[in-house]
Each structure stands twice: as structure tokens, then as C-alpha cells.
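This briefing covers one predicted model, shown below.

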Amino acid sequence: MNFDLINLGGLESKRLNELETQLNLISTSTINLDHDSLVFQEDSLYFNFKKERALTPLKIDIQKGALGWRLARPQHETHIKKAIGKTERPLRILDATAGLLGDSMIMLALGHSVTAYEQSKILYTMLDNELNHLAETDSNLLNLKLINSNVCEANFNDKSFDVIYFDPMYPEDKASSARRSDLKKINSILEIEGLASDPESTFTYLRNIPSTKLIVKRPLKADAFKGSINYQITGKSVRFDIYLN
Ligand SMILES: C[S@@+](CC[C@H](N)C(=O)[O-])C[C@H]1O[C@@H](n2cnc3c(N)ncnc32)[C@H](O)[C@@H]1O
């Protein structure tokens, strides 16, 4: 892989050995600022971008910051709640584009169960590490399955899910400023891994899964994907385009 695995903790550990095997990398103990690196320190992981990218490190900290605040108040999530729709029972949701897992965590906090796909091995490894830390204290995580794969490689049938949620990559200039910085980092990680983003073909694949509802998250001013939208839920900076089967 085109990045370094750095162990800043000093000692060898079982977790470090697992990471080396999972990523097929041998760890070293010093960060080279001219390289991209995944840094393991005190059981946590963060991604340090090489100097020329001029990006601050990416750390996934689900319970802190803006996401932590939102997770403590899931009933305030009016737009995503409307997009999912009123329901008497918890729904089975496929999050086709896990990213930093924010939307999945909100849907879990609303009482649903989520299967989330993330194509990036780096993001998956960081998420998996963070989820292992939270597993003992957050019972919602019992309803989460995180899978490291391109969602288009999976086989689903009409009984697999009630709702499909799709939040594709889009040009950074159309994103709100808080989101822009995360998107830049995700984009760089996808570039490091040589993963192309192909939202149109993923949309077509998802649209053909028999399911009751496909929810597509878009920046407010972005064009919609091809096909007729049944209705839209509009927020301040994003909208949800809903396609029904
Ligand atoms: C805009 S981000 C999603 C952000 C996410 N909703 C959140 O709350 O953090 C899009 C993510 O979807 C992933 N992705 C895009 N296409 C994918 C596919 N076909 N299969 C799996 N993951 C995909 C990208 O690697 C990226 O991490």
C-alpha cells in the first residue's frame, strides 16, 4: 500500500500485529512527513497526510464534536427522520457509503439497524478500531454491521433491506464548509488507495435493488441523478431525493 503504518506507542501489541496483517504492512516508529501514514498511538488510529497535501490529520472520533452533540439528540434530526419516514418498527437500512459513519450512527440512534459498506480499507480500519472502543458502552452498535467492500459487489434481494441510503462523493465546491474539509480528506484517502469514485454507476446499481425506498443525500444545489424522484426533503445545505420502487 502507498502509505506507512506508524507505531508511536513503542511496544509491540496484539492489535498492532493485527493491523500489520490486515494492511499487509510492517510498522515503523517514526513519521516521515513526506509520506502519508496511518498512525497507531495508545490504541487509537489517525491518518497523517504528507506535507504537500496541506491537510490536518484525520481522526474518527464518533462520540465527540458536532457528531457527538447530534447523537445525544437524535430526535432533532428532522430531515433524515422525514426522509426515512414514519414507522412503527425499526427498519433495516443499507448505508451504501459509510464514509466517516456519521449518517449511519444517526440512523442507529433513531432505533434502526444499519448495514454499512465502505470501499476504503484505510477508512474501514480506522472505523473498525473506533467501533471496538465504543462497543462496550454503546448498545446501538449491536445493530450495526460494517463491511469493507464496494457495495456494488454485494448481492441483495428484495428482502434484504427496507431502506437504502446513498451519500456519494461530489465536487467539494458544492459542499458546506464543515463537510468540505472531511470530503477533501476522504478524497485524498481514496486517491492514495487508487479507488475511483463512480457515483452514477453506484446509483444505478442501488436503484435496481428491490426495496421500498432509496434515499440519496445531495448538496442543495447539486444536480439529481437520472430518473424520477418521488419527493424531496430539503434542509439548509443538503437535500434528500427519495426514489420509491
Ligand atoms: C460522502 S462520503 C459518505 C459520508 C457519510 N455519509 C458520513 O456520514 O460520514 C462517501 C463515502 O462512500 C464511499 N463509497 C463511495 N462509493 C462506494 C461504493 N460503491 N461502495 C462502498 N463505498 C463507497 C467512499 O469511499 C466515501 O468514504
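Ile189 lies in helix α6; helices (H or I, at least four residues) and strands (E, at least two) are DSSP runs numbered from the N terminus. The model is predicted, so local features need pLDDT of at least 70 and side-chain atom pairs count only at pLDDT 80 or more, while totals for chains, interfaces and linings use all residues. Residue numbers start from 1 along each chain as its sequence is written.

**Ile189**

- Ile189 counts as buried because 22 other C-beta atoms lie within 10 Å; the class requires 20 or more other C-beta atoms within 10 Å of the residue's own, against 12 or fewer for exposed and values in between for partly exposed, with C-beta atoms placed from the backbone.
- Apart from neighbours within four places in sequence, Ile189 is in contact with Phe47, Ser120, Ile122 and Leu123; contact means that the C-beta atoms of two residues, placed from the backbone, lie within 7 Å.
- Between Ile189 and Phe49 there are 140 residues of sequence separation and 8.8 Å in space, C-alpha to C-alpha.

**Domains**

- Domain 1 spans 4–59 and domain 2 spans 65–244; such bounds come from an automatic or database domain assignment.
- The centres of the two domains, taken over C-alpha atoms, are separated by 27 Å.
- Across the boundary, eleven residues of domain 1 are in contact with ten residues of domain 2.
- On the side of domain 1 that touches domain 2, α1 (14–23) and β3 each supply at least two residues, and α1 gives the most, with three residues.
- That side of domain 1 divides into eight nonpolar, one polar and two charged residues; Ala, Val, Leu, Ile, Met, Phe, Trp, Tyr, Cys and Pro count as nonpolar, Asp, Glu, Lys and Arg as charged, and the others, Gly among them, as polar.

- β2 (residues 37–41) and β3 (residues 44–48) pair in the antiparallel sense over five bridges; pairing requires at least two DSSP bridges between two strands.
- Ser37 stands opposite Asn48 in β3.
- The hairpin of β2 and β3 has two residues between the strands, and Glu42 takes a positive phi near 50 degrees there.
- β3 is also joined to β4 (residues 58–59) by two bridges, again antiparallel, with Tyr46 opposite Lys59 in β4.

**Seven-stranded sheet**

- An open sheet with mixed pairing is formed by seven strands in the order β7-β6-β5-β8-β9-β11-β10.
- Its edge strands, β7 (144–148) and β10 (231–234), each pair on one side only.
- From one strand to the next the twist averages 20 degrees; axes are lines fitted to C-alpha atoms, for helices over the stretch in contact, and angles run from 0 to 180 degrees between N-to-C directions.
- β9 (residues 213–219) and β11 (residues 238–244) are antiparallel and share seven bridges, and Leu214 stands opposite Tyr243 in β11.
- Helix α7 (residues 199–207) packs on the sheet, touching β8 (163–166), β9 and β11, and its direction makes about 175 degrees with that of β8.
- Helix α5 (residues 121–134) lies across β6 and β7, at about 150 degrees to β7.

**Ligand shell**

- The ligand is surrounded by 21 residues, the closest being Thr97, Gly99, Leu100, Gly102 and Asp167; a residue is near a molecule if its C-beta atom, placed from the backbone, lies within 6 Å of it.
- α4 (102–109), β6 (113–118) and α6 (177–192) each supply at least two residues of this shell.
- The shell residues divide into ten nonpolar, eight polar and three charged.
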